[in-house]
Structure formats: C-alpha cells, structure tokens
Amino acid sequence: MAFTFAAFCYMLALLLTAALIFFAIWHIIAFDELKTDYKNPIDQCNTLNPTIEKVKKIKRVKIAIKLVLPEYLIHFFFCVMFLCAAEWLTLVLNLPLLAYHVWRYTSRPVMSCPGLYDPTTIMNADILAYCQKEGWCKLAFYLLSFFYYLYGMIYVLVSS
Amino acid sequence: MSTAGFNSQNGTGTGQTYTNGPSQNPVALQQPPGVGYGMNHQPAYNPMQTKVLGPPSPALYASGPYQPVPPGPQLGSYPPPPAQPLLTRPPIGVLPSHTPPQSASPGPGPRQAQATPPAQATPPPPAVTSTSYYTGPPAWQYAAPRGPAPNHVNPAAAAPPHMSHGSAQPPGPGAPPTSIHGYPQPGTAPPPMNPPPPHTYQPNRPAYGPPPTAPPAGPPGATGTPPPPKVDAQSWGAASSARPPTEPDTQEGDVECPGDVAGNGPQAPNSYNHVDNRMAGAAQPGPPGRHLGHYPSLPPGYQNTLAPPPSSLHPALQAATQPYIQGPQPYQQQPGGPGPDQLSPSMAAMSLQSGTPEALRVVNLLQERNLLPPAPVPAPTPCLTQDLQKLNCSPEVFRCTLTSIPQTQSLLNKAKLPLGLLLHPFKDLSQLPVVTSSTIVRCRSCRTYINPFVSFLDQRRWKCNLCYRVNDVPEEFMYNPVSRSYGEPHKRPEVQNATIEFIAPSEYMLRPPQPAVYLFVLDVSHNAVETGYLSVFCQSLLDNINALPGDSRTKVGFITFDSTIHFYNLQEGLSQPQMLIVSDIEDIFLPTPDSLLVNLNECKELVQDLLKSLPNLFEKTMETQSALGSALQAAFKLLSPTGGRMSVFQTQLPNLGVGALQSREDPNQRASAKDVQHLSPATDFYKKLALDCSGQQVAVDLFLLSAQYCDLASLGCISRFSAGSVYYYPSYHHQHNPAQVERFQRDLKRYLTRKIGFEAVMRIRCTKGLSIHTFHGNFFVRSTDLLSLPNVNPDAGFAVQMSIEENLDDMQVVSFQAALLYTSSKGERRIRVHTMCLPVVSSLSDVFAGADVQAVTGLLACMAVDRSVTSSLSDARDAMTNAAIDSLSSYRQSALTIQQPGLLAPACLRLFPLYILALLKQKAFRTGTSTRLDERVFAMYQLKYQPLAFAMLMIHPALYRLDDLSDEGALNINERTIPQPRVLQLSVEKLSREGAFLMDAGLVMYLWIGRNCHQNFLSQVLGVSSYAAVPEKLCLLPELDTAESQRTRALVSWLRDQRPFFPSLHIIRDESQLKPHFMQNMIEDRTESALSYYEFLLHLQQQISK
C-alpha cells in the first residue's frame, strides 16, 4: 500500500467533486428561485421584508452565475490530473462532461465578460427549464462520480 | 397623421374619473367616441364584429372554388370575387341594401323575436334569389338541423357583419331596436352554472357559461326539444356574438334601424348587379403576357369543380345574390359550387357534418381560391356567454391565438398551434374609465386586480378568478359612485369594465413620480450634416415644443457628438446656449452636471435659441467619425438620477471609442439563398448599456437615418432591452429622398407629442395552471411574469407565449390580466388593467374552431424572429412551414371525421397557409431576394414590436383598386366620406393595365398606375394628361378639386390616420425603380426564389399526406 500519484488525484478529485456538488445544488436553487419568483409572493411577503428577500435572491442568482466558470475550471483541472496519472477509464468517464462544457462555453451568447447566462434571455421558459435540467443532471453525475472516486481511491491504495 | 384621437393625454381627456366620494357625477361610463384614430378600437367592443359563427363576410365564399368560367365575354381568368365593398364596412347612415327583409321585421320584444324562428329557418326566398340555385336543397340541408336552436334564426346573429362597425357614428336617431336581437336580458335568465352553488350571489352578474358542449339550458324562448349538444355550442357562440338588448352603450351606431332596412332592401339587386359587373370588368386580366402569377396549369383539384352550374347566370351575379340567402341563414356557407348532387368533396363532407360551426367548416384550399375577405379580417369572438363576452377586453388590446383554451398541454400539443397573447396595452383609447380610490381591490394571494370576471359569493366576499382565493370586499368598495348606491359591489366600474385605469396611491411608488425628462442625442458628423436631418429635427421640435407631454417639471437636454461629445449648458440666466466639448471619449464625464438638463418652461428661450442655431453650427464640419458609444454613456450618466427618455439620432456606423462596430455586411450576399449571417449583435456593449438604462428607468429610442450599413442588429439592442422604439429611414436625404423626409417629419411629430408613461412595469397574470413561456417585444424581463419598461408608449405591442402546466379540467373559463403600472407625464402614478376571459375546451375540434389566424401568424412571426437569431434563418423558415404543415395535418388526422382528398383546413384557419407564405416572403425572412441586412433586421424588430393590426399589414399588405372608387358603402367620419374598396388578393392577375391600384404595406404605400389607365383617373386624380406624363418620383397626390381626387385622398389619408406611423406613398409606373418592391409584395405569385401560393399549397399537401 503506497501513496501513488493516482491515489493523490483521486483524493483531490474527491474533494473537488464535493465542491462541485455544492455548486450544482446552488445552481439548482438559484434557478428554481428565478422560476418560482412570482408563484407565491404572499408567503414571502408575510415573513420578511420583500425587498430584503429579493436582494438576497438576486445575490444568490448572481453568485450561481459566477460559479459557472470556476466549476468548469475545476472539472478541467482534475481531468488533466487524471490524464497525468494515466487513469484512462476515469478520464473517459469524464470526457463527455468536459466536451459538453467546452461546447456550452463556446456557444454562449455574445458577451464581453466571462459568463454563460444572458440576463435578457434567462427568463425564457425554455432556457430556464434547460438550465434547471442541466443542474439536476450535473448533480447526479457529480454524486455518482464522487462515489466512483472514493472507490477508485481505495482501489488504487489497496492494489498498489 | 396626429389626429385628435392620438393626442389624448394620459387619460385626462379620455374618460370619466370616478372617485369614492358621493359627489361624483354619475355620468355613464361611455363617452362619445373620439375621432380619428380613436374610433378604430370602438368596434372591438362590439361582439358582432368579431363573431365567429356568422359568415365571415357574405361574399367570402361567394364566387367559390375556381368557378367554371361561363361563356361570359370578359372573364378570361378565375372570376373575381364579387365586389361588395359595402358589405363589411361600416355603413354610415345608409343601411346596406342587401340586408334580408326578414331581419327588418322588428319584433317588439325578445320573446317575439324568439318566436319567429320557424318563419326564418326556412325563409321565403327573396325574389332575387330565385335566379340562384342556392335556395335549393342546400338551404334546408344546412339550416334544418339548427332549426330548434333559437339563436340561429335570430336576425341579429344572422345578419352579415356589416352591422358591426358602427363605431364612429353618432347613435342613430332612432332608439336601438333592441328587440331585434331577441336576447334575454342578462340576469333575467342567466345561463346555468352546472350546478350553481347554492350560496352563489349573482344578482345580474354574468354566470360563467356552461361548457360549450353542455346541454342547452333553455335560453328563453327556446321552443321544442333541446338541440343536440353540438348545435348548442353554436348557439352559445351565436349568443355571444349578438348584442344583448339591454346594453346601454351608445358607442355603436344604431345601424340596425329597421325602417332603413325595409326601405333599402328592395333596391338591392340592382345595386349589386351594377357593382358586380363593374368589378368583374375591372378584374379582367390584362394581356396574357402580364399573367406572371397564373397557376402553371389547371391542376386536377381545380378541375373537378368545373361542372357547369345549373344556372347560366353570370357567376358574379350569382355570387352577389348569395348574401340574400346567407343573411338569414348564417350557416349556409356553401361556396358557389354546383348543386348538391355535384358537391365538391369538401362540401359533401360539410353536409354530413352539418353540425359544425362556421369556424370549423371544411375548406379545401386547393379548390377555393377567393379566401380573402373583402375587408380586414376581424378577430374571432370567444365562445363565451354573451354576458361575459360583453364585458370582455377589446381584441385590439388583448388577443389570444386560441380563443378556446385547450384543457391540457397534450391537447395543445396535438393541435400544433402556438398558444399566446398579443397585447397592445398602452393603446390610445378614446374612452377609458379612470378610477380614483384610496384602496385598490386586489386578491390577497395573487395580487390580481378585481375585474369583471370574478365571482361574488355574497355581498361581502369575492372569489378571485385567477387563483380562486376568497377575498373580502372592503367597505369602501360597497359604495358605487356611478349609481351612487350602496351595497352593489358588482356594479362598480372596476367590475363592469375589462379595461380600466386606476390612479395609484403612494404604495405603488418606490420613489416620488419622476418628471418627464427628454434628452436628445444627435449625430453631427459630416455624414449626418450631409443628410440634412438636423434641420428637420430642430424644426419639428421647435414646432412641437409646447406639445411635449409633461408638466411644469419637464426637463430637456441636448448632446451632440461626432468624434467628441458636445454638451449644451442651458442654465437659466445665460444669454445664449453654451457648448461644452469633451474630447476624452474613453473616460466620459459630465462637465457641468446640473445645468445640462434644464426645466423646459424656465429655459424655453434658450432651448429655442439652441434649436435654431444647431443646424448651422455644424454646417462645415469635416469630422467623419462617430463615437456613439461614449455619447450614450454620457447620456446615461446625465439621465440616471431621474430616468426619462433618450432619443438617439444616428446616421452611420459608430467607429470610435467604446461600442465601435465593424461593417459585417457583404453586399454580394444580400441576395444569397443561403443562410443570412450576422443577425445577432456583434458586441454586448449596447445590451449591457441598455440593461443599465433599464435599471435607471431610462429608455433609448433610436432613429437610424443612413444609407450605409449601420449594424442595426447590434445598435438595436440599446432600444430593445430598454423598452425604446426603433425608427429606420434607409437612404435618408433631404434632397434626394423627399418621401423619407416627409415620413421622418410626421413620425417625429407623433413621437414628440404622443403619450408617454415613465418608470413602468407590466405584469401579466393568468389563471392557475397556465404559465408564461416567453415574451416578445422591447423590454427587459425582470421576473417570470414581470416586464420592466422604463418608458411605455402607445405604439408598442407585446406578445407572450403561454404554456399549460397543470390541467384545466375543472375550469370552464380562464382569465388573463395585464396590469401596467406607470407614471404619466403629469407625474401621476397610474395602473392600467386589462382582463380577458376565455373558455376552456376539451376537444380538438373546439380548439381549432377558436383559432385566431392573425394572432397565430403574429405570434409565429415573433417566434421565428427569435429562432432566426438564435439558430438560423433557414431554420426559422422551416419552422414556419412546419407550423402550417403540422397544424393542418393534425386537423386532418384528429379533427376531421371524413377523409377526403385535397388540402383541408377549418374555415377559421383558411388564411393560415397564405399568411405563412406571406411571412416567408416578408423582408424579415425572405431569401434569394436582395435584402439589406439592416432592412431585414428592422423588419424583424417591427414584427416583434408592432401591435398585431399593423404587423399584419406588414406581413400581408392590402391591395385596393383605386380607379373605380365609389361612395357606395363608404364610411362617414367627420363629414368626410371615405370610400371602402374591397381588399384584393395579392396577385398580378388582379391587376389590370386599365386600372390604378393602391398597395398598403404598413410602412409604405404604393400606387401603381397601369399603362392604359383610364384617362379620367390620370387627369382627375393625378392631374396629368397622359400616362407618360406621370413623373418618375411622385410621392404626393395633388389636391385637385374633383370628386375622384377627393375620394382617393380621403382613402389614403384615412388609411394613414389609422396607424401611429406615417407610411410614405410612392406613385409608380411600370418603369419605376420601385416597381420590384411593389411586385415583391405580390405574395400569391411565384418569384424566382419563392413558391407561388398554389405551389406552396401543393407542397403543404405533399408533406401532410406523407
């Protein structure tokens, strides 16, 4: 049992995936709030000052939008790590998401700053639904890969 | 252009203000209609106009499917539809002569009118009709099943739509013969709730109607056995389309004066013969060489109707006599085909499905050619009880693509029609009830404003019609200021009007109402000075400076820019305006922040001085660069403390500093049939700035006057997301292009003087279960149902796509409410609320029956614009074609009981393929024809931004024949007689060399003069001696003192007055440069790159039968 570079990669990926899961949950919450903004205003208004609630919400959405690029970078980062560690199976499992990220970022609307979401089209129901679905899918993927990395780390540690 | 109706200011002159105090004047809600533009929306309140079930127009199907050509000498082509201009236009004073004598019999009361059905179900054929074969078997065939339904035989319902438009007329001298309608008083016999809750408190309130397919509840006077459900559905439709007898409103002319009918009836045949023969001659085709648009050969589908009609009468005459039969029997809609034994397949189907309402009548598009109604297509009426329909919102303000909402999303998906709303929320209204109240009654849960479609459970409680929460009626609401009575909350104006305006109390303000602030940002580079727009602008503003909407707080400011930014210090006390130049365009700052925006009243002289000197100031400039981005930033900085309106005039591509753009257009690709590139913005600078503006309540209106490419796709974002408007004057030049100059002048006048609302938001609410999918128009979407509109103007239209999230199983009606909160130019916070109520249906055929083809087209156009930007133009074109294919094939598969050959469409969608083809040939979406990128993008903006009525003109222009205008059926407005020629199909076959034709394409009008045009027309209208003497560039009709000239000018100016922008008129000959533009609008003809209408239909058929 030796601590190899592959084992280090898995451990790192494990931690980073935990962060990515957090990002995905944040993303889902933010888009859900965007969508259900109007659905039941009275409940929100009863408890809290609506403006404060609103500001909080807007902040959450803004943070979620800002988290996109870090998420992509983190994922790209441990993909590269796996490449270096020659963990081919893990790399192949991650490649579709990597390709998706590249495609998603290249097909983003014209923007002068980094980012993915255009505030003028984000309220379109199709885009909103797509983003929500994207959030759920990613959450599922990260959860699964979290356990896979856990397994991979133990396997590497045990087998070497 | 700016008529009295246009200028109504913020409701101050537009309606009665109600307050809660007992001393309010109890004047009736309705005020006499205004004039000019204002009159136009009046008919909308008249359900008759928009009825679905009556014949869309008597002449519509009259000449039938490619009628056999009788040996008549002058018909070389398909016979034209009979000319009946007087049928569908508002008859003023004079009653349309073709009204069936039956409808003239004024029953003394509703009961009596109801009692007459037997007589009318099988009417004695009028003398004229004896020459026609329509009185034969088909008459009873179609009429018989409906015999028992009392409403069908109601003369009011049966009368052709000519009774509808009486908007602008003063009420006739005689009292409205209410009995003609034969309708029960609302309330005396309310339609049944099924079953009504025992505690329902509905004194005189419209009950929600039964579902359209419910068994009849015995409308008063219903004799005999109840009709089958299908028939009942129609009868309710008919009911809703007739005017209730007790309706007190006087806004509609009482055109149904029985005496007139009786008096004019007998003369009808003669007048018809006259008109028809003349029109038949008029539409006579020119020499064979001119038939560009002819169908390639007579296709098989056309040939099976070629059986000779039993009567040897001239087809036009036959058609003309048809209205006589159709009058009393609205469902006898048979096209002028052969007798019953030779029925075409569609009609054979129809006789079997005789229970279907008119909207669902099967039309074989391949066989029936003359589908275009002779007058503008009215909006269909939702299938609601008359009580609800009477209260419903005007279709000019609020229109839904499906007037019957499908119960589930799957049903909607099956119909393949888009569900959405088209709004014109800030439209100039000539009568608008305004309510001042300290508490505005709203639902506690969903914040819906109380509206006519809520139900009162008892006197103290009401149930919201959107979320179904039960709310208390506040004490204040119990008092009714109109009747000055207590305890009748259901009679308050809020509950009696679907469109109402509230003066909002301070809860509706986030900050004190802002003053009216206008900032003008003017391009003064060399290019701009060359075009000479500056003097026109300055002169217009000088002329209208006192008409700018506002109060004593109104502020104005000016910025000019070329490669530097020039500010103007107009502070009080200066002897003359002071120009401050900022050349640091990278880091723009305001030199004197306090004195650049000045109070208009205090500094008017300085402003006037500036306007007088501005055109000369830059006369000699050699500066060619344009730093628009920096100028916009400066203007934003200037306006951001207050908010307001920024009007930007730009004449070239901005090429300096931030927001500089490169030319992206390749002129060689203009006509390419391949995909069009660069429809999306090149930079997000303008979008981001627009969002900043939107946050600070600043709207940017863009006037683009340029001969070269300006990248409107990028520049336009500045207006699009700040709720501004875009005006585009291609090739503007003060000398070379007088037509554009006049257009610019008129548009500016309207722009400067029109009503304006500041710091506005619009929220659209809908019944639980429905949700908003996408918005179209110029705005920023702040929340799923909230639009942020820094400025709102009366010319802006919006479209909303809807989806059905939860099933609407237990609902009979759904409602939509648009609430627009704005600050008027007088500093009042106001809320304008529109509510629309629509029935829910569960069967696919009912969904089709309620389709509003114009609204569907308008919404599809908006969706296609989005698609061409996000995806590609060819994708958008395919999507539009598929929309037609899908909906028609779904209709064929699911809603049609009998399969038959041909391209079948329900009557309500019969124009759908035509409109789709028109869209494909529209500037925004066409390929293969040379189109400048900017013009294309501008056309796209227009499709999204214009209210439906104007967008439809841009999609499908109206063609009129002008050389034989007559006063028959003319409108009378303000003692002006406005002739109403019929709308012709857009095909070269309708043109003739002997005639003169006016094409009204929304933003532009073409008057095409035939080579052999009547001498009379040339000399009396154009004032020239011969065809050759018509000048090459003529944009003005000379004011001659002849009847013909007056008629023509009356028509043209009437058409212009109806819209808020100024269409320029081009008089063109065969050799004119503009002739291709005219010919490109001939939508039904084939061009090098696009299909003809018939080919398109064949294409659709092929795809459907796959």
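Which strand order does the open sheet of four strands with antiparallel pairing have in chain B? Reading across, the order is S3-S5-S25-S22. Keep in mind that this is a predicted model.

Let's stay with that sheet for a moment. Strand S3 (398-400) and strand S22 (770-776) of chain B sit at the edges with a single partner strand each, so one side of each has no neighbour in the sheet. From one strand to the next, the twist averages 25°. At the S3 end, S3(B) runs antiparallel to strand S5 (residues 420-423) of chain B, and three bridges join the two. One residue pair to look up here is Cys400(B) with its bridge partner Leu421(B) in S5(B).

Chain B also has an open sheet of four strands with mixed pairing, in the order S29-S32-S33-S34. Its edge strands are strand S29 (958-961) and strand S34 (1064-1068) of chain B, each pairing on one side only. Here the twist averages 20° from one strand to the next. Strand S33 (residues 1004-1009) of chain B pairs with S34(B) in the parallel sense, over five bridges, and Val1004(B) stands opposite Ser1064(B) in S34(B).

What packs on this sheet? That would be helix H31 (residues 1043-1057) of chain B, which touches S29, strand S32 (996-1000), S33 and S34 of chain B. The direction of H31 makes about 5° with that of S32(B).

| Strand order (chain B) | Pairing | Average twist |
|---|---|---|
| S3-S5-S25-S22 | antiparallel | 25° |
| S29-S32-S33-S34 | mixed | 20° |

Now for the contact between the chains. The size of an interface is often given as the accessible area lost when the parts come together. Chain A and chain B bury about 1600 Å² between them, with 55% of it on carbon and sulfur atoms. Chain A puts 18 residues into the contact and chain B puts in 21 residues.

On the side of chain A that touches chain B, helix H1 (5-35), helix H2 (41-47) and helix H6 (125-159) of chain A each supply at least two residues. H6(A) gives the most, with three residues. By class, that side of chain A has 10 nonpolar, three polar and five charged residues.

Definitions and conventions. Residues are numbered from 1 along each chain as its sequence is written. Chains are lettered from A and ligands numbered from 1 in the order in which they are written. This is a predicted model: local features need pLDDT of at least 70, side-chain atom pairs count only at pLDDT 80 or more; totals for chains, interfaces and linings use all residues. Side-chain values use heavy atoms; hydrogens and water are left out. Contact means heavy atoms within 4.5 Å. Buried area is the accessible area (1.4 Å probe) that two parts lose on being put together, summed over both. Ala, Val, Leu, Ile, Met, Phe, Trp, Tyr, Cys and Pro count as nonpolar, Asp, Glu, Lys and Arg as charged, and the others, Gly among them, as polar. Two strands pair if DSSP finds at least two bridges between them. Axes are lines fitted to C-alpha atoms, for helices over the stretch in contact, and angles run from 0 to 180 degrees between N-to-C directions.
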